[in-house]
Amino acid sequence: VGVGSMFDQPLELPCGLVLRNRIIRAAAFAGGTVEEQASTHEEAARGGVALTTVAYSSVSRDGRTFAEQLLLTPRDAPADLANIARAVHAHGALLSFQLTHAGSFAERALFLPDDYAGTGRDTVPERAAAPSAVFDLATLSYPEEMTARDMDRVCGDFAAAAAVACGQGEADAVEVCAIPAPNDSQWPCRSGDLKPRACWCLATA
């Protein structure tokens, strides 16, 4: 089979999802509103890709790096979120949402007291949080080290965001973005043992 013919062949992923060919549009900026996102991803689908990915969707209110970032919490997801998937599906392609939490360089100015209701915190944190309190080159600061309760909450936020993406958002798949995210922040932790460093990424997935 030639290279050109190989790209045209359907591909079944281990999860059971079947791509119509071997071409995907990776996560990249596609606009700041649902309408803009739908237009960009529809264009990719019309062009023949098998799957196109909505980039950098935050799973938590305190995991954003900018105010306009798409937020996939049950209370914050846009009412018209499914319009992106419907535009893509109309051309026979599939849609994925990339899920992330900014971890050590989340924008603290976006943190609000009610974001932490029920988390055991009495006040808004003074610093962004990450699984390991290692120096963050993006912000030139040290994050607060997450507690086990923090980690459980964020893992739950990833699960809830996946449910929003594939439910309300009518997406076909999600991907977990490890850079930037607590997943990435965990790798340069103090422990040299691979197992504890990998456990956070596996728990998130």
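The tour below visits an aromatic pair, then an arginine in a loop, then some salt bridges.

This is a predicted model, in which local features need pLDDT of at least 70 and side-chain atom pairs count only at pLDDT 80 or more, while totals for chains, interfaces and linings use all residues. Residues are numbered from 1 along each chain as its sequence is written, and side-chain values use heavy atoms, with hydrogens and water left out.

**Stop one: two rings**

Select Y56 and F66 and show their side chains. Their ring centres are 6.2 Å apart and their planes lie at 20°, so this pair is stacked. Here, rings of Phe, Tyr and Trp (its six-membered ring) pair if their centres lie within 6.5 Å; planes under 30 degrees apart count as stacked, over 60 as edge-to-face and the rest as tilted. The structure holds one such aromatic pair.

Now colour by secondary structure: Y56 sits in strand β4 (residues 51-58), and F66 is in the loop between β4 and α3 (82-89), 10 residues apart from its partner. Helices (H or I, at least four residues) and strands (E, at least two) are DSSP runs, numbered from the N terminus.

Which of these two is buried? Y56 is, with a relative accessible area of 18%, whereas F66 at 35% counts as partly exposed. Buried means under 20% relative accessible area, exposed over 50%, and partly exposed in between (1.4 Å probe, protein chains only).

**Stop two: R20 and its surroundings**

Next, select R20, in the loop between β2 (18-19) and β3 (24-28). R20 is partly exposed, with a relative accessible area of 31%. Display what surrounds it: leaving aside residues up to four places away in sequence, R20 touches D8, Q9, P10, A45, G48, V49, A50, H91, G92 and A93. Contact means heavy atoms within 4.5 Å.

Zoom in on the end of the side chain. It reaches the backbone oxygen of A45 at 3.0 Å and the backbone oxygen of G92 at 3.4 Å.

**Stop three: salt bridges**

How many salt bridges does a search of the whole structure find? There are six. A salt bridge is a side-chain nitrogen of Lys or Arg within 4 Å of a carboxyl oxygen of Asp or Glu.

Begin with E42 and R46, whose closest N and O atoms are 3.6 Å apart. Both lie in helix α2 (residues 34-46), four residues apart, about one turn of the helix. E42 is partly exposed at 25% relative accessible area.

Move on to D76 and R61, which meet in a salt bridge at 2.6 Å, N to O. Both are in the loop between β4 and α3, so the pair ties together parts that are 15 residues apart in sequence. D76 is partly exposed at 25%, and R61 is buried at 18%.

Finally, select D62 and R153, with closest N and O atoms 2.8 Å apart. D62 lies in the loop between β4 and α3 and R153 in helix α4 (residues 148-166), so this bridge ties together parts that are 91 residues apart in sequence. D62 is buried at 7%, while R153 is partly exposed at 22%.

Before you close the viewer, select R61, R75 and D76 together: salt bridges that share partners join them into one network.

Key: A polar contact is a pair of N or O atoms within 3.5 Å; within protein, one must be able to donate a hydrogen and the other to accept it, and residues adjacent in sequence count only if both atoms are side-chain atoms.
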